[in-house]
Amino acid sequence: MYIDIDIDAMKAYILNKFTVEGDFEFLEEGELAKMVDDLMELDNEYMAKSGADEGADYDDDDAYELIFAGMQKRWPKYKEFAMRLSEDYLDFAEEYLESVGAIEWE
């Protein structure tokens with residue numbers, strides 16, 4: 001879990017980015033919001049597993065693999081979109097975290 005981050009604001013930011021992008025307009029009402037919840041949950045799962053939530057390095061590639069696999073499993077109906085969802089999610093989450101000064105680059 002991200003420390004000192006407004007999770008609701010982060011979710012709203014990410015959901016808005018997906019909505020503005022418009023690539024997932026074909027989804028049924030409410031599905032995109034549920035997918036964002038799942039993406040964030042899987043990201044938190046990665047952070048706990050890797051120790052990133054305790055200060056260890058966050059490896060984008062490892063996070064992507066866990067998130068991608070998780071989305072394929074959770075959303076088999078949209079399995080072919082899991083790659084795009086996972087990649088975009090990681091980009092949008094990074095943008096949000098940068099915008100609030102929550103990540104530092106080495």
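Predicted model: local features only at pLDDT ≥ 70, side-chain atom pairs only at ≥ 80, totals over all residues.

Lys11 belongs to helix H1 (residues 7–21) and Asp37 to helix H2 (residues 31–50), so the bridge ties together parts 26 residues apart in sequence. Lys11 is partly exposed, at 23% relative accessibility. Asp37 is also partly exposed, at 34%.

Arg74 pairs with Glu41, with the closest N and O atoms 2.9 Å apart. Arg74 sits in helix H3 and Glu41 in helix H2, so this pair links parts 33 residues apart in sequence. Arg74 also forms a salt bridge with Glu45, at 3.9 Å between the closest N and O atoms. Glu45 lies in helix H2, so its bridge to Arg74 in helix H3 spans 29 residues in sequence. Relative accessibility is 32% for Arg74, 42% for Glu41 and 40% for Glu45.

## Network and total

The structure holds nine salt bridges.

## Negative patch

Asp57, Asp59, Asp60, Asp61, Asp62, Glu65, Glu87 and Asp91 form a negative surface patch. Helix H3 (60–74) and helix H4 (82–99) each give two or more residues to the patch. H3 gives the most, with four. Asp62 lies in helix H3 and is partly exposed, at 44% relative accessibility.

## A buried serine

Ser86 is in helix H4. Its relative accessible area is 0%, so Ser86 counts as buried. Beyond four places away in sequence, Ser86 touches Leu39, Tyr64, Ile67, Phe68 and Met71.

Definitions and conventions. Residues numbered from 1 in each chain as written. Heavy atoms only, no water. Patch = residues over 30% accessible without salt bridge, like charges linked within 9 Å, V, L, I, M, F, W, Y side chains within 5 Å. Areas by Shrake-Rupley, 256 points an atom, 1.4 Å probe, with all protein chains shown as cover. Salt bridge = Lys/Arg side-chain N within 4 Å of Asp/Glu carboxyl O. Lys, Arg positive; Asp, Glu negative; His and termini not counted. Charge placed at Lys NZ, Arg CZ, Asp CG, Glu CD. Buried < 20%, exposed > 50% of the residue type's maximum accessible area, 1.4 Å probe, protein only. Contact = heavy atoms within 4.5 Å.
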